[in-house]
Every structure is written in structure tokens, then in C-alpha cells.
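Please study the sequence and the three-dimensional model shown below.

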Amino acid sequence: MAEEKKEVKSIDPATVEMIEKAASDGARVVFERAATMKPCPIGSEGSCCSMCSMGPCRVPLPKGKEETPEEKRKRVGVCGATPETIAARNFLRKTAAGAAAHSDHGRKVTEAFLLAAKGEAKGFQIKDEQKLLQVALDLGVEIGDRSNEEIAIDIGEMAYKDFGRQEGEILFGRRAPLKRQELWHKQGVYPRGVDREVVEAMHRTHMGVDQDYKSLLQQAARTSLADGWGGSMIATELQDIMFGTPSPVLSQINLGVLKEDEVNLIIHGHEPQLAEMLAVVTQDPEMIEYAKSKGAKGINLAGMCCTANEILMRHGVPIAGNFLQQELAIVTGALEAMVVDVQCIMQGIADIAKCFHTKIITTDPRAFIEGTTHIEFDERKAVDTARAIVKAAIDNFPNRGKNVRIPDVRSDLIAGFSHETINYLLGGLFLSSYRPLNDNIINGRIRGVAGVVGCNNVRVTHDDVHVTMVKELIKNDVLVLQTGCSAMACAKAGLMVPEAAAEFAGEGLAEVCQAVGIPPVLHLGSCVDNARILIAATAMVKDGGLGDDISDLPAAGAAPEWMSEKAISIGEYFVASGVFTVFGAAWPTLGNKEVTDFLFKDTEDLYGGMWAFEPDPIKAAQMMIAHIDKKRKALGIDKARERVLYDMAMRRELE
Ligand code: SF4
Ligand code: MSK
């Protein structure tokens, strides 16, 4: 870890209040566990190999002295694996794990999509016909006078096969700019199906297989692309068709959305199928009556982590918090049930729940937690399962104790900025396009675009790194697109309302936001919805004036508080798609100069994008701005920015 844990645990007052309550209640939450569990310095820098039982072998850089070539030659694992091979293998395995998680999410969505199309999943349907037809056109599925269901079955089957594609190229790769696709061919990284790429990544990193760090890192690029342009993109597109493409929606965020007099139910994890059904069932008058019969005034559904983002984007369901707040929601003493599906669920919630009355309900056949209740979700019986879960939460309401404290902290936010919405808001219904965005970048009102995404990490001050970075970016006229827990951090800080433009954004960005009526920081959804950023970037390229590849755009990416292997996969597919991407918190190859140099420098020659590591959010934002300015210069639009004078004609043109 490059940055030791800071004194201040969080900038969020609700989080600070609940950390204090947890301490006085004797509940040991993540913030406390982190204080006693220091990260292993060798493992965190990628210098430990445990791929076989002759190890684990540790090959850290000797500190404080220059290493002789002879000493370096001897600094290898038992099998002779060099520190470069060990660091690159670790990096590739993280990428593969992240890609697998996103893509298994996408596969589960595809299975639900097929059931819905065949009429075998009561309660699920094809909600967005326009998007269905657009995806059909993209994939070459015949439309004619066929029913939506027939078209959807073809799309679902094509997508399902795409996961296991043994040869050829993934389906949605064809959406990327042509120049990008040519580059992937040239570099030999155009991916086959994600299952094959992940299996190959695991094989190559097995003891004694691929032992050239550049070759291992090439497989990391290929595997991550199979996630971003494959598994994740399939998840996003099919979810939109099935549950509706998000459009702007007003909601609230933070622990203060929990209600003292209602049954509180939190859905936590990543996949939206059960959450969609809970959103319906919690509104059912019969269930509300049942809640009243137990002494509650109603049922309050809220979200946590990316499942929260999914139902926020489509239904405006409020969010109780991001990753590091999951245990704290239980600490309020007001939570009847926390329902979890997959990914980012701390096992610690099971232990914390023992101090309160909260029921932890696991629902996915791939994710059990010892000591919790399991009610398995099956799309074929979606309504029944959702009702059983809501009933279990209601039945737990009378068990709520007296030790209840809900922080009076919540913020308004506007979410729901899908690619389609941005297109519509900027270009209008009949002229949907990115033209106005591109024009405002060319004329310099908007300096560039940044995708700021990813998790919380307890090794840095909760939410602080996200919020500081994003404020610095918008102050410098960079429009920010967000997903995941990063979006939640900025929403809590009040950056996702239109008024934030006047308060926090630079003059040019503020003028554009005020004219269009959007916040300077746009919420695009969950972790898999980083695919929306790829689609938005491609749309900007296709609209013209900003080069002919994603790597030409004045754009950058960041995950300033990342912790999950999924973030590595996301960052790697951003880089392999041509985006300069800065991570904070920690960097997993710092123990090896060759591998780090390759990722931070040489990668730019291969893909036009590269990685960087900078834990200081202001410095990281400045690196992104410098990159954006470099791209502006290369496009010859740097002068336009210098000349921006907001005369009346320009203001009228904006309005
Ligand atoms: Fe050590 Fe080599 Fe085994 Fe890794 S694969 S644990 S470096 S012997
Ligand atoms: S939930 S992957 S902590 S963003 Fe997607 Fe948040 Fe990171 Fe999980």
C-alpha cells in the first residue's frame, strides 16, 4: 500500500456517526478491522507468488540499496520465475478474476433475458423495444415482422454463445471505432469469448507456462477487452432491454434514507433481477398491509453498492450507501433485512448482524455466507421469491430493539444518464447526437471528459479521494462520468444536482450544464455500466471532430479508491481501448520496475492508452487534465480553449 490509513476515516458525517455507534455497541466494523490488519507489503506490490506449493516465494526489491545484476539474477522464485513474471502473473490473475465476475453477471442476466423472452419468467418482459431493435441491428438479427420475443430469443442466444466463443471475435467488438479494431488485430488482442480468455489467463499463469511478462500482459489486455466489450456490455444492454434504459430520475442517498417507522429492507450486491422484483413487490398493497399488521407504517426499500445503482437508475429507489457503509447500515439498528446477491458483500455483515436484529438473506446459488439465511432466487419464480423475502423482513420488524439511531444525513441526486439519455439531452429527440458535446469540447467550454469510477478502500479516507478528484476536474471544466461506489461518494457530496454546476464547475462547463440542465457529474450506473462509457466514447469519435479513435479524445479515466479485482479489469480495458487511466490507493505491480514501466509507459505505444498510479487526488486530477490538454493540442483545438470569451452571441447559442 502506498498510502497508510489516515486519521480521518471518512468525510461522510453519516459514516463517522455510525463508526462511533459501532464502537460503543461493541460491533467490530471494517474500519476497526483495518486498523489491526496491516496489508502485507510484499503481496500488495505483486512480489509474492503462491502458484505452487514449493512457495510461496517472495521476491521484493531490496530497500535502501542499489542491486547488482548478480543479486538481481538470484532474486527469483524456487522455480526460477523472475520478479517480472511473478508481478505480471499476479496482475493477469486479478484481471481474469475481475473479468470473470462481470461476465458471470452478464451470463446470469442473459439466462434471465432468454427466460423472459420465452415467457418462462413471470414478471420479466421486454420493456425497451427501441433498444431491442437497436441491438438487433447491431448484431445483424432479422427484424422484419417478427415479434419482440422472437427477436429477443435470437439476441439472447447469440449473446449466450458469445461467452463461450472459442474462435473469432466477440460480438460487440464491432461497435468500437474501426481504427481501434484494427489496432486490436495488430496487437493480437481482439478477444474471443470471455470464458476462453479467462481460462487461458488461468492456464498461462499456472506454474511453468507463460513466463514472459510482456506476453502475460498482452493476455491481460485481451481478457479485459472480453469483459468491457463482451460480458459487461452484454449485461448492460440486455438489462436495459429487459428492465428499461435509464433516464434522468431524482432520488436520495445516504444512511438517512432509512426510516424509523417502516420496515427497512436493503438489497446489496450487483445483479438487478431480484432487485427489480423487490421494487415491485414492496409496493404491493397486500404486502404493505401485512407490514402495517406488524406495527410498521410501510416498507422502505433501499439499495447498497451496485445493485443499488441498478434500481436507482431505473426506479429512483434511494441508496443507503456505498461499499464501506454496508456494515454501518446494520449498526443503525433499524434494518430488518439485508438481502445480498453477488460481489462486494463483506462477510463481516454476518458478524455485525449478530449484535442487532438484522436478517442477512443470501439469494444466489453461487454466494452463501455461513450463519445467514438462504432464500434462493429463481427467475422462473421471481415474484414468489421476492414476496418470501419481503415477508421475512416484515416478520422481523417486531424484533427491532431500542438501540436505533439513523443518521439524519441524506443528499438529493439525479441519476439515470445512460448513453441514450446523454445523446437525447444534448441533441434532442429528433437530432440525437453527441454533436453539441463535441462542439463544446472543440470550442473549449468543456475541456474534456473523465470517467471516474470504482470502489471505496478502507486504506484511504472514505469518499475523500473520489470527491476531491472530481471537484478538481469539474473546476477545470472537465465533464465527469461516473459509475459504482465513486458515483455514490460524489452524490453524497452534492455533486449530482444541476445546482452543483454553478457552485463547483469552471465557467465553461457550468454554462453548458446550466443551458442543458444537467449536473457537471453524471451518474451512468453500476460497475458493468462502465460499458456505457465505452459506448459514449465511441459515439463521440463517430460524431467527428475529435479524431478517429478513442485514444484521440481529450478524455481520461480513474479509480481513485479502488479495491476490487473488477476495477483492475475495468482499468485494463479502458487502457486497451485507448484511455489514460489513473488509479489511487495502491498499485499491484509497484514491486517490479519493468512491469510497472511497461504498464505506465510502453503500453501507450501499443494501445494509445496507459496506466498511472497517483494516490494524491489533486495530483491525479492534474495528470488527467495534462493528458486531456495533450490530446487537445494533438487535435489542434488547444487554441480554441485559450480564446474562449463568453460574449452574448455565444451565450444565446448555448440557450
Ligand atoms: Fe515459487 Fe515458482 Fe511456485 Fe511461484 S511457481 S510459488 S515462484 S516455485
Ligand atoms: S460495488 S466493485 S465496491 S464500485 Fe460495484 Fe462498489 Fe467497487 Fe463493488
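With which residue does D240 form a salt bridge? The model is a predicted one, and in it D240 pairs with K131, the closest N and O atoms being 2.8 Å apart. D240 belongs to helix α10 and K131 to helix α6 (residues 129-139), so this pair ties together parts that are 109 residues apart in sequence. Both D240 and K131 are buried.

K131 has a further partner. E420 also forms a salt bridge with K131, and here the closest N and O atoms are 2.8 Å apart. This pair links distant parts of the chain, as E420 lies in helix α17 (residues 419-427) and K131 in helix α6, 289 residues apart. Is E420 buried or exposed, or does it fall in between? Its relative accessibility is 28%, and E420 therefore counts as partly exposed. The relative accessibility of K131 is 5%, so K131 counts as buried, the limit for that class being under 20%.

These pairs belong to a wider arrangement. A network of salt bridges links K131, D138, R175, E237, D240, E310, R314, E420, D529 and R532. Side chains of opposite charge can pair when their charged atoms come close. In the whole structure, a search finds 52 salt bridges.

Another of these pairs joins K492 and D463, whose closest N and O atoms are 2.7 Å apart. K492 lies in helix α20 (residues 484-492), whereas D463 lies in the loop between β11 (448-452) and α19 (464-475), so the pair ties together parts that are 29 residues apart in sequence. K492 and D463 are both buried.

The discussion now turns to the domains. The domain assignment gives domain 1 (83-243), domain 2 (255-399) and domain 3 (417-635). Between the C-alpha centres of domain 1 and domain 2 the distance is 30 Å. How many residues of domain 1 are in contact with domain 2? There are 17, and they touch 18 residues of domain 2. The size of an interface is often given as the accessible area lost when the parts come together. For domain 1 and domain 2 the buried area is about 1500 Å², with carbon and sulfur atoms giving 56% of it.

Between domain 1 and domain 2 there are 3 salt bridges. Across the interface, 4 residue pairs are in polar contact. On the side of domain 1 that touches domain 2, α5 (83-117) and α10 (213-243) each supply at least two residues, and α5 gives the largest share, 8 residues.

Note on methods. Residues are numbered from 1 along each chain as its sequence is written. Chains are lettered from A and ligands numbered from 1 in the order in which they are written. This is a predicted model: local features need pLDDT of at least 70, side-chain atom pairs count only at pLDDT 80 or more; totals for chains, interfaces and linings use all residues. Side-chain values use heavy atoms; hydrogens and water are left out. Domain bounds come from an automatic or database domain assignment. Contact means heavy atoms within 4.5 Å. Buried area is the accessible area (1.4 Å probe) that two parts lose on being put together, summed over both. A salt bridge is a side-chain nitrogen of Lys or Arg within 4 Å of a carboxyl oxygen of Asp or Glu. A polar contact is a pair of N or O atoms within 3.5 Å; within protein, one must be able to donate a hydrogen and the other to accept it, and residues adjacent in sequence count only if both atoms are side-chain atoms. Helices (H or I, at least four residues) and strands (E, at least two) are DSSP runs, numbered from the N terminus. Buried means under 20% relative accessible area, exposed over 50%, partly exposed in between (1.4 Å probe, protein chains only).
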